[in-house]
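Please open the model in a viewer and keep the selection panel at hand.

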Amino acid sequence: MASISLDKLNKHYGSLHHAVKDVDLEIADKEFVALVGPSGCGKSTTLRMIAGLEDISGGEIRIDGKVVNHLPPRDRDVAMVFQNYALYQHMNVYDNLAFGLRNKKVPESEIKAAIDRAAGILGLHELMKRKPRQLSGGQQQRVALGRCIVRNPLVFLFDEPLSNLDAKLRAQMRIEIKRLHAQVPTTSVFVTHDQVEAMTLGDRIVVMRDGRVQQVGTPLSVYSKPVNRFVAGFIGAPAMNFIEVTVGPALAVTADGLRLMVTEPAAQALGAYRGRKVILGVRPEHLVLGEGAEGRSFDCVVEVVEQLGSEILLEARLGGTRITIARVAAETAVAAGDRVRVSAPPGRLHFFDAETETAIVG
Ligand code: ADP
C-alpha cells in the first residue's frame, strides 16, 4: 500500500541533455498510472528515477510519504518488470520466482506459499520446472510478473514490458495485467509508447513530450478534452484530423473546400479569433458520411478505401488537406475517386491556437 509523489523532478544527462523537466505527479495508493509519449520523451528515465536506478538531478520522490531520493533500489520496496524479462537463464521457473525471497532469507515454506499464489494468478503451475529458454515470450513475461507478485512490493514499475511480444500476445498480456491489478491492487506505474496500451491499462494516463508532462487525466478525459494539438494527435487511433481554418465573421470556420458553422460553447471561445487562422481538429471516428444539419457538412474526394471487414476507413482529400474518416459501414459502396459528403456533428470539433497549439476549446 503506497502512494507515489513526484515533485519538480528533473534529470540532466551531462550539461546538454535535459531529459526530464519539472515533472509533478501524485499517484494514489493502488492506482494504475500509465506514462505515455513518443520515444525519447523521458518516460523510462522518470520510471528509473522512481526505482532508484537513475540519480535525480533535482526535485523529490516520495513513496508512501517517505522521501526516497537517496535510497538504493533494494530499499525502496519496488518491483520492476522490463521489456527483456530479465530472467535468470540457468534457473527454472520456480527458482526464478524464489530468487528474490531466498536472498532475503525468507523461510522456504513461506516462499512456496507465495509462489503457489502467484502461479495460481498467472497460470504458471505447469511451467515450474522449465528453464526460460523453454518458454514462449508471453510465458517468460508472465514469470517476470510472477517474480514481482511474490515479493509483495509497495509498488510495481513496468518499463515497456509488452514491446517484445507480437500484437496478439500483447493484447492478451494487457488483459492479464489488468486482471492482475484487480486481484492484487498494487500501486503501479506503466511506461509505454503505445497509446492503446496506456488507454486500456491506466486508471489515469500521463502524456509526456520532450521531458515535460503535457496532460494527466483519465483515458476518456484526455481523449475528449486534449489540452493541446500534440496530445490530441497522440491519443486516439486513427489520429485526429487537423485542418487549418480561418474564423469568419459569422463564426463560420472556412478552409479550402470547407465551411462549418460553429455553435456554442465553441463559438464564444472562438470569438477572440475572428479573422485569424486556427487549427480545427476532428477525430476520424466522429466524421459521418452523408449530409448533416445545416452548416455542418462538406465535400471531399476519396483517395484510398481500406476495407477492414468490420468497417471501412477512408483516406480523403479536402482541398489541400488529407483527412481520415473511420467507422464507415463495411457494406457502403464507395470507391477511390468518389466525391462524398461528410458531416461533423456539433460538440465534436476541437480548436487549437495556430501558434501555441494549445486548445482554444475542445
Ligand atoms: P523514453 O523512455 O521516453 O523513450 P528515455 O527516458 O529513455 O525516453 O530518454 C529520454 C532522453 O534522455 C532521450 O533523449 C535519451 O536519449 C536520453 N537518455 C536516456 N538515457 C541516457 C543516458 N544514460 N545518457 C544520456 N542520455 C540519455
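**Aromatic rings and a helix**

Begin with Phe 99, which counts as partly exposed because its relative accessibility is 27%. The model in view is a predicted one.

The structure contains 7 aromatic pairs. In one of them, the ring centres of Tyr 88 and Phe 99 are 4.5 Å apart and the planes meet at 50°, so the pair is tilted. This pair joins distant parts of the chain, 11 residues apart: Tyr 88 belongs to the loop between strand E6 (78-81) and H2, and Phe 99 to helix H2.

Next, select Phe 156 and Phe 158, an edge-to-face aromatic pair with 6.0 Å between centres and 75° between planes. Both Phe 156 and Phe 158 are buried.

Now turn to helix H3, residues 108-122. Its buried residues are Ile 111, Ala 114, Ile 115, Ala 118, Ala 119 and Leu 122. Viewed down the axis of H3, they fall within an arc of 135° and therefore line one face of the helix. What do the buried residues of H3 pack against? Their partners are helix H2 (93-103), helix H4 (137-151) and helix H5 (167-183). On the face turned away from the buried side, select the exposed residues Ser 109 and Gly 120. Just after H3, Gly 123 adopts a positive phi of about 65°.

Arg 229 lies over the face of Phe 242, 4.5 Å from the ring centre. The charged end of Arg 283 is placed over the ring of Tyr 223, at 4.1 Å from its centre.

Methods: Residues numbered from 1 in each chain as written. Predicted model: local features only at pLDDT ≥ 70, side-chain atom pairs only at ≥ 80, totals over all residues. Heavy atoms only, no water. Helix = DSSP H or I, 4+ residues; strand = E, 2+ residues; numbered from the N terminus. Expected span 1.5 Å × (residues − 1). Buried < 20%, exposed > 50% of the residue type's maximum accessible area, 1.4 Å probe, protein only. Arc of directions from axis to C-beta. Contact = heavy atoms within 4.5 Å. Phe/Tyr/Trp six-rings, centres within 6.5 Å; stacked < 30°, edge-to-face > 60°. Lys NZ or Arg CZ within 6 Å of the ring centre and 35° of its normal.
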